[in-house]
Amino acid sequence: LGHLAAKEAEEMGRNPGYMPYVWVETAAPTSGNFNWRDDHRRCLEALREPLIDRKRIYSRTPSPSGRVVMPARGPHHATEDELRSALEKVAQNRGVKVIARDEAQHATAASFGWRRLEYVDVLKSLSSLTKALTLLVGTYDLMELVDLSPQLFRRTRPIHFHRYRWEEPQERREFAQVLRYC
């Protein structure tokens, strides 16, 4: 991703809202189910989106008077759908090319069967709607996701990072080469 940032540095200088990639850590679920609302919020925070809890989906159906109906004012906590819609729009508007999810195995740890397939389908849909590549970083548990979807299998490129010791110059160089290859 550092290579992408360096490549896009000129555009980022011209357009302060442009973010070629976003790096977000996937939180381990506390309830046994993956929390998409929390995940979308974390992505929006990483994209430096303001007023996250103020996001709303407005009705496109005009009222009998011909006006668009606005929700009542007052305390509001954005719903999962509102946060997802906001994430899709923000990623498109900021030109995000890669959404990197670190510790992505946390999303599968408490999930089972159809929940894992749901996770894969939501990520696939987000990638399609935002036009951003999804990069999952985590343990070998992520490999279980590849078997769930033939589409995902065709679109997946696993990259194994060997353990390395940062204090060893040769291993640092090898690690940097792997990152450049990505």
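Modeller: Let us start with surface: accessible areas come from the Shrake-Rupley method with a 1.4 Å probe. The model is a predicted one, and the accessible surface of its protein chain comes to about 12300 Å². Carbon and sulfur atoms hold 54% of that surface.

Biologist: How many helices and strands are there in the protein chain?

Modeller: The protein chain has 9 helices and 3 strands. Read from the N terminus, their order is α-α-β-α-α-β-α-α-β-α-α-α. Of the 182 residues, 32% are buried.

Biologist: Why is Trp36 called buried?

Modeller: The term buried requires a relative accessible area under 20%. Trp36 has a value of 6%, so Trp36 is buried.

Biologist: What makes Tyr119 buried?

Modeller: The cut-off is again under 20%. With a relative accessible area of 2%, Tyr119 therefore counts as buried.

Biologist: Why is the pair of Trp36 and Tyr119 called stacked?

Modeller: Ring centres must lie within 6.5 Å to pair, and planes under 30 degrees apart count as stacked.

Biologist: What makes the pair of Phe34 and Trp36 edge-to-face?

Modeller: Planes over 60 degrees apart count as edge-to-face. The planes of Phe34 and Trp36 are 85 degrees apart, with 4.7 Å from centre to centre, and the pair is therefore edge-to-face. Both Phe34 and Trp36 are buried. Ring pairs link Phe34, Trp36 and Tyr119 into a cluster, and a search of the whole structure finds 3 aromatic pairs.

Biologist: Which residues does Trp36 contact, leaving aside its neighbours within four places in sequence?

Modeller: With those neighbours set aside, Trp36 is in contact with Glu80, Glu118, Tyr119, Val122 and Leu123.

Biologist: Which members of the largest nonpolar core touch the most other members?

Modeller: That core has 27 residues, and Trp36, Leu44, Leu47, Leu87, Val96 and Tyr119 touch the most other members. Two or more residues of this core come from each of strand E1 (21–25), H3, helix H4 (80–93) and H6.

Biologist: What share of the contacts with a separation of 6 or more joins residues 24 or more positions apart?

Modeller: Such residues account for 67% of those contacts in the protein chain.

Technical notes: Residues are numbered from 1 along each chain as its sequence is written. This is a predicted model: local features need pLDDT of at least 70, side-chain atom pairs count only at pLDDT 80 or more; totals for chains, interfaces and linings use all residues. Side-chain values use heavy atoms; hydrogens and water are left out. Rings of Phe, Tyr and Trp (its six-membered ring) pair if their centres lie within 6.5 Å; planes under 30 degrees apart count as stacked, over 60 as edge-to-face and the rest as tilted. Buried means under 20% relative accessible area, exposed over 50%, partly exposed in between (1.4 Å probe, protein chains only). Helices (H or I, at least four residues) and strands (E, at least two) are DSSP runs, numbered from the N terminus. Contact means heavy atoms within 4.5 Å. A nonpolar core is a set of buried Ala, Val, Leu, Ile, Met, Phe, Trp, Tyr and Cys residues joined through side-chain atoms within 4.5 Å.
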